[in-house]
Amino acid sequence: MATFSDLGLSEFVIRSIINMGFEETTPIQELTIPIALQGRDLIGQAQTGTGKTAAYGIPLVEKLMTQFEQIQGIVLAPTRELAVQVAEELNKIGQFKRIHALPIYGGQGIDWQIRALKKKPHIIVATPGRLMDHMRRRTIRLNDIKIVVLDEADEMLNMGFLEDIETILKEISEERQTLLFSATMPKQIEAIAQRFMKEPEMVRIKATGVTVSDIEQHYIEVAEKLKFDVLTRILDIQSPDLSIVFARTKRRVDELAEGLGKRGYSAEGIHGDLTQSKRDSVLRQFKDGTIDVLVATDVAARGLDISGVTHVFNFDIPQDTESYVHRVGRTGRAGKTGLAITLVTPREMGMLRLIESVIKRKIIRKPIPTIVEAVQGQQRLTMNEILRVIAEEDIEKYKAIAEELLAENDSVTLLSAALKIITKEPETVEVHLTETAPIRVRGLGNPGPRSPKGGYNRNNYGQKDTWPRRRNHDVRGGAPRSRDNRRNGSKNDQ
Ligand code: ADP
Ligand code: MG
């Protein structure tokens, strides 16, 4: 994907885009902005949530003249909400160039609007009916319009605005540039294009064939500093058979894999800086189950075809929606269900919303798991392991010593002690990760409150200091933490 600076935009506009937190163009933006900048007519079709507003808003702001105090651009939008939202976005794009947009819609006092119009907006974003009112009253004149945008054209047609749109377009000089954006392309749009547009260029972005619908998807909002502890708790609670943890950078991958190793998980990292033979060997170990947790960058995981991955963790939220789909698609393959959990810092909530809008699905919010849940998860695991050993393994030679212990202790006490020894309790080994800058998508949903400093009070995080301490990290050595004996003895072998 292109960056905005590849598009030949002016300094002011680039600055405002950066300020809005946009880092790369969306596909519709990449393709339409250059065409619109050339002054050509354009029809852009892309599904909802793909950034169509900026796709026309950026060239619109770029091409208008700040010094010329007349309405030079008109955006027609179907609803009042949309008009307000679009005007806001245009004002953000125009903030440094000082291009001003005003929303004009029915239901708002017309006198108030007339006063606002006296402030000489460069762009008005209007619902068709109200714009017609102003045209009749001559409170808006369309003589100087250079660019017209029909936003959500399909929706405007659905709402019966066709005639109004025609009336408006007939009033505007044919020298204008006309841009039309829509999520769908009903036949009537072709008719409008034929009558009112000059050899429009068609840009169509196919809806992403998103295939993540069968995968259960959760997110947990968590401060950057707590992510690692949250990850290990989930690993303890869920005890995934095979999981992939995605991190943003190679360095993070190394640090995470090492940190997980320190806390007793069999984890290995994979990324582009490793030699091919190292990568192959890590993958082989992951496939045959000697490694439970694979930590990877996006690039390293592209095209990996590994069956049996039960969990995907987005330790860092992906930078773009496509990566999300790729990552999550690593699990739940071959008709099996999978679970994807994304850790999201409060500042990254906008990105999460963007992902939701692209995959057209809500990602379910989950609370930060508590330490108690983590411990219980491990206890359950131990219990299952004991039941499995009873069922499958030869334990005859342990029976004599068991009898001896039972002569002097009651069975519940004895068994509890044994459980304590073999249960992997959450550890407090300190692990430090290099922080990366959070992904920010501004103007998207509510970024949510920043968690107050030290405010770990929700979700029992206050128990931090009462974490059960491991007596000695090495004691656990041979104790099975995985429910599956094929994974024993593979820890910390990197
Ligand atoms: P559409 O009109 O296609 O439904 P919008 O223009 O409303 O989509 O954009 C959806 C969201 O994506 C908005 O919150 C917008 O701020 C955000 N957005 C648009 N372009 C980008 C970009 N290049 N990078 C990040 N976020 C973007
Ligand atoms: Mg839109």
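This is a predicted model: local features need pLDDT of at least 70, side-chain atom pairs count only at pLDDT 80 or more; totals for chains, interfaces and linings use all residues.
Some ground rules. Residues are numbered from 1 along each chain as its sequence is written, chains are lettered from A and ligands numbered from 1 in the order in which they are written.

Start with Gly269. Where is Gly269? In strand E10, residues 267–270. Strands here are DSSP runs of at least two residues, helices are H or I runs of at least four, and both are numbered from the N terminus.

Is Gly269 buried or exposed? Gly269 counts as buried because its relative accessibility is 10%. The cut-offs: buried is under 20% relative accessible area, exposed is over 50%, partly exposed is in between, with a 1.4 Å probe and protein chains only.

Now its neighbours. Leaving out residues up to four places away in sequence, Gly269 touches Val253, Ala257, Leu274, Val282 and Val295. Contact means heavy atoms within 4.5 Å. Take Ala257. Ala257 and Gly269 are 12 residues apart along the chain, and their C-alpha atoms are separated by 5.3 Å.

On to salt bridges. How many salt bridges does the structure hold? There are 22. Each is a side-chain nitrogen of Lys or Arg within 4 Å of a carboxyl oxygen of Asp or Glu.

One of them pairs Arg136 with Asp133, closest N and O atoms 3.1 Å apart. Both sit in helix H6 (residues 128–137), three residues apart, so about one helical turn separates them. Arg136 is exposed, at 60% relative accessibility. Asp133 is partly exposed, at 27%.

Next, Glu221 and Arg365. Their closest N and O atoms are 3.0 Å apart. Glu221 is buried at 8% relative accessibility. Arg365 is partly exposed, with a relative accessible area of 40%.

Last pair. Arg252 and Glu224 meet in a salt bridge, 3.0 Å from N to O. Arg252 belongs to helix H11 (residues 250–262), Glu224 to the loop between E8 and helix H10 (227–238), and they are 28 residues apart. Both are buried.

Methods
Side-chain values use heavy atoms; hydrogens and water are left out.
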